[in-house]
Amino acid sequence: MNAMSLLAQNAGFLPTRGSIMIDFVFLAMFGIILILGISIYLVRYRRMYEVHKWIQVITGIVLLLAVLAFEIDMRFFTDWEALAEPSSIGMNTIKGLLYFHLLFAIPTPLLWIFVIWHGLLRFPNPAAPNAYSNTHIFWARLAAIGMLLTAVTGWIFYYAAFVA
């Protein structure tokens with residue numbers, strides 16, 4: 001067994017049954033939601049368009065790398081079902097919660113990529129409002145709602161699978 005596999009199978013750092021990567025993503029989503037909220041506040045109330053742009057670009061890149069690492073861990077190193085088996089909730093309910101979570105977790109990053117990509121293409125440099133602003137706001141709101149629902153459903157799944 002290689003070092004990467006040993007690290008992945010170790011207990012997480014939270015007092016639950018989650019692995020290190022599962023615990024990391026659970027906590028990281030609090031940070032993502034906080035940063036997203038700050039970014040929205042800065043653009044909406046402070047008119048800090050360029051700061052908003054770079055927060056979104058950097059957060060998007062970090063999130064993409066984190067999701068990639070998480071998926072590699074889940075597919076090759078961590079048997080999440082074995083970790084969730086002792087749950088008092090029941091595996092059928094846990095899997096149902098996972099599928100419900102995936103309804104948001106799969107399209108939301110794609111939507112976020114769309115919003116960031118079109119924002120980079122259609123806004124001037126430095127960033128400022130223009131004719132594309134209303135379209136951007138529409139799609140960005142959907143992406144933000146999707147991210148919030150991804151986080152909330154992920155936290156519910158985490159509790160059901162690794163805490164209860």
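Predicted model: local features only at pLDDT ≥ 70, side-chain atom pairs only at ≥ 80, totals over all residues.

Me: OK, how many helices and strands are in the chain?
Reply: Seven helices and zero strands. Along the sequence that reads α-α-α-α-α-α-α.

Me: What box do the C-alpha atoms fill?
Reply: Roughly 55 × 35 × 25 Å, taken along the principal axes.

Me: And how much of the chain is buried?
Reply: The chain has 164 residues, and 37% of them count as buried. As for contacts with a separation of 6 or more, 70% of them join residues 24 or more positions apart.

Me: Which residues does UniProt list under "transmembrane region"?
Reply: The UniProt entry, which is unreviewed, lists 20-42, 54-77, 97-117 and 138-161.

Me: Take 54-77. How much of that span is helix in the model?
Reply: Residues 54-77 are 96% helix and 0% strand, with the end C-alpha atoms 33 Å apart.

Me: What about 97-117?
Reply: That stretch comes out at 95% helix and 0% strand. Its end C-alpha atoms are 31 Å apart.

Me: Switching to packing. How do the axes of α5 and α7 cross?
Reply: Helix α5 covers residues 91-105 and helix α7 covers residues 133-162; their axes come within 8 Å and cross at roughly 165°. That angle is why α5 counts as roughly antiparallel to α7.

Me: Is that crossing left-handed or right-handed?
Reply: The α5 and α7 crossing is left-handed.

Me: Which residues make the contact?
Reply: From α5 you have Ile94, Leu97, Leu98, Phe100, His101, Phe104 and Ala105. The α7 side brings Gly146, Leu149, Thr150, Thr153, Gly154, Ile156, Phe157, Ala160 and Ala161.

Me: How does that split by class?
Reply: The α5 contact with α7 has eleven nonpolar residues, five polar ones and no charged ones.

Me: Thr153 is on that list. Buried or exposed?
Reply: Thr153, which sits in helix α7, is buried because its relative accessible area is 6%, and the cut-off for buried is under 20%.

Me: What does Thr153 touch, leaving aside its neighbours within four places in sequence?
Reply: Phe100, His101 and Phe104.

Me: How far is Ala143 from Glu71?
Reply: Their C-alpha atoms are separated by 21 Å, and the two residues are 72 residues apart along the chain.

Me: Trp112 came up there. Which helix pair has it in the contact?
Reply: Trp112 is one of the α6 residues in the contact of α3 with α6. Helix α3 (residues 49-76) and helix α6 (residues 107-122) pack at an angle of about 140°, with their axes 11 Å apart. That angle makes α3 oblique to α6, and the crossing is left-handed.

Me: Who else is in that contact?
Reply: Ile116 and Leu120 join Trp112 on α6, while α3 supplies Lys53, Gln56, Val57, Thr59, Gly60 and Leu63. By class, the α3 and α6 contact has five nonpolar, three polar and one charged residues.

Key. Residues numbered from 1 in each chain as written. Heavy atoms only, no water. Axes fitted to C-alpha atoms, helices over the stretch in contact; angles between N-to-C directions. Helix = DSSP H or I, 4+ residues; strand = E, 2+ residues; numbered from the N terminus. Parallel < 35°, antiparallel > 145°, perpendicular 65-115°, else oblique. Left-handed = near helix turned anticlockwise from the far one by under 90°. Contact = heavy atoms within 4.5 Å. Nonpolar A, V, L, I, M, F, W, Y, C, P; charged D, E, K, R; others polar. UniProt positions renumbered as here; feature names shortened; annotations may be inferred. Buried < 20%, exposed > 50% of the residue type's maximum accessible area, 1.4 Å probe, protein only.
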